[in-house]
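Hi,

Here is the structure I promised to pass on to you. Have a look around it, then read my notes below.

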Amino acid sequence: MKLILVTLFCISSIWAMIPISDIPVKPDSASPRIIGGKVARAGEFPWQAAIYLDTSIGKFFCGGALISNQWILTAGHCVYGAKQFTIHLGSNTLLSSDENRLILATSTYVVHPDYNQNTLENDVGLIKLHMPITFTDYIQTITLANESQIFDGVVATAAGWGQTSDTAVGLNNNLHYVDLSIISNTECQITYGNQIKSGMVCAVGNFNEGICIGDTGSPLVKLGIQGNSIHVGIASFMSQNGCESLDPTGYTRTDIYHPWISNITSTV
């Protein structure tokens, strides 16, 4: 049985004393993962959020998805213990100049009450912006999956700015994406055993495609019947064998937590 690995991309431990604006990013890779893959076009993923979080032990990076004019959905481990968030919306790049970029700061978040740091069960978190934002062609929300919209064989797209390989540390300046196929939890348990719970879903590519460090919190998205994009999973974990292994990557199911998300975003 392989063990699950979740690692926040730590900015301060890799580039000690270097301001975020000066963090070096790697050139694009030919790797078939998100960490290389295809470069997203401007506005192709208008819900995608880049999240920089400050904690008591350092600065970290995660992805997320805009689900309303005031809320961002991400992983529980991406908000747990955070003191401050700096969020970038509207741009596919992290450092390049982009007139479509909106930068926001907030410290308000909600983590699922049953989130477990050790098992990654209920790995769901929400970040609330201070004020409602205005949508543009490059900043839009994504619809959340309802029950029965996630099943085996569904092709879904993962996107992120995460690490380009197991050995080359660093974020991608450009947002990358890759298509994956959702597999059953029974099949995923062949790799991870009983670590896979009902609130999780796994996905694989034709080879070793998947998420890597820096991609967690980002959305897994499928195309709906009417051609709209639907948020079906939150990037949560990869194998301890590394991002470049052939093991499935793991996500928190959106549909199971949709009622909780709706309740929080309408009452908090």
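One thing before you dig in: this is a predicted model. I'd begin with the nonpolar cores. The largest one has 46 residues, and Ile72, Ile87, Leu89 and Ile261 are those with the most contacts inside it. Which elements give two or more residues to this core? They are the strands E4 (48-55), E5, E6, E7 and E10 (125-128), plus helix H2 (254-267). Domain 1 (46-141 + 258-265) and domain 2 (143-255) each supply at least three residues to this core.

Leaving aside residues up to four places away in sequence, Ile87 touches Ala49, Ala50, Ile51, Ile72, Leu102, Ile103, Leu104, Thr106, Ile127 and Leu129. There is also a second, separate core, with 19 residues, including Ile150, Leu180, Ala235 and Met238.

Next, the disulfides. How many are there? The count comes to three. If you number the bonded cysteines along the chain, the pattern is 1-2, 3-4, 5-6.

Let's take them in turn:

- Cys62 and Cys78 are bonded, with their sulfur atoms 2.1 Å apart. This pair links distant parts of the chain, 16 residues apart: Cys62 is in strand E5 (residues 58-66), while Cys78 is in the loop between strand E6 (71-74) and strand E7 (84-89). The link is left-handed, with -80° about the S-S bond. Cys62 is buried, with a relative accessible area of 0%, and Cys78 is buried with a relative accessible area of 0% too.

- Cys188 and Cys202 form a disulfide with 2.0 Å between their sulfur atoms. Cys188 sits in helix H1 and Cys202 in strand E14 (residues 200-204), so the bond ties together parts that are 14 residues apart in sequence. Why is this disulfide left-handed? Because the torsion about its S-S bond is about -70°. Both Cys188 and Cys202 are buried.

- Cys212 is joined to Cys243, S to S 2.0 Å. The torsion about the S-S bond of this pair is about 85°, so the disulfide is right-handed. Distant parts of the chain are linked here, 31 residues apart: Cys212 is in the loop between E14 and strand E15 (219-223), and Cys243 is in the loop between strand E16 (229-239) and strand E17 (249-253). Cys212 and Cys243 are buried.

Which residues of H1 (residues 185-192) are buried? Cys188, Thr191 and Tyr192 are. They cover an arc of only 80° around the axis, so they end up on the same side of H1. After H1 comes Gly193, which has a positive phi, near 65°.

Last stop, His176, which you'll find in strand E13 (residues 176-183). Is His176 buried or exposed? With a relative accessible area of 1%, below the 20% cut-off, His176 counts as buried. A polar atom of the His176 side chain lies 2.7 Å from the backbone oxygen of Asn174.

Cheers

Notes
Residues numbered from 1 in each chain as written. Predicted model: local features only at pLDDT ≥ 70, side-chain atom pairs only at ≥ 80, totals over all residues. Heavy atoms only, no water. Helix = DSSP H or I, 4+ residues; strand = E, 2+ residues; numbered from the N terminus. Buried < 20%, exposed > 50% of the residue type's maximum accessible area, 1.4 Å probe, protein only. Polar contact = N/O pair within 3.5 Å; in protein donor to acceptor, adjacent residues only side chain to side chain. Arc of directions from axis to C-beta. Disulfide = S-S within 2.5 Å. Core = buried A, V, L, I, M, F, W, Y, C linked by side-chain atoms within 4.5 Å. Domains from an automatic or database assignment. Contact = heavy atoms within 4.5 Å.
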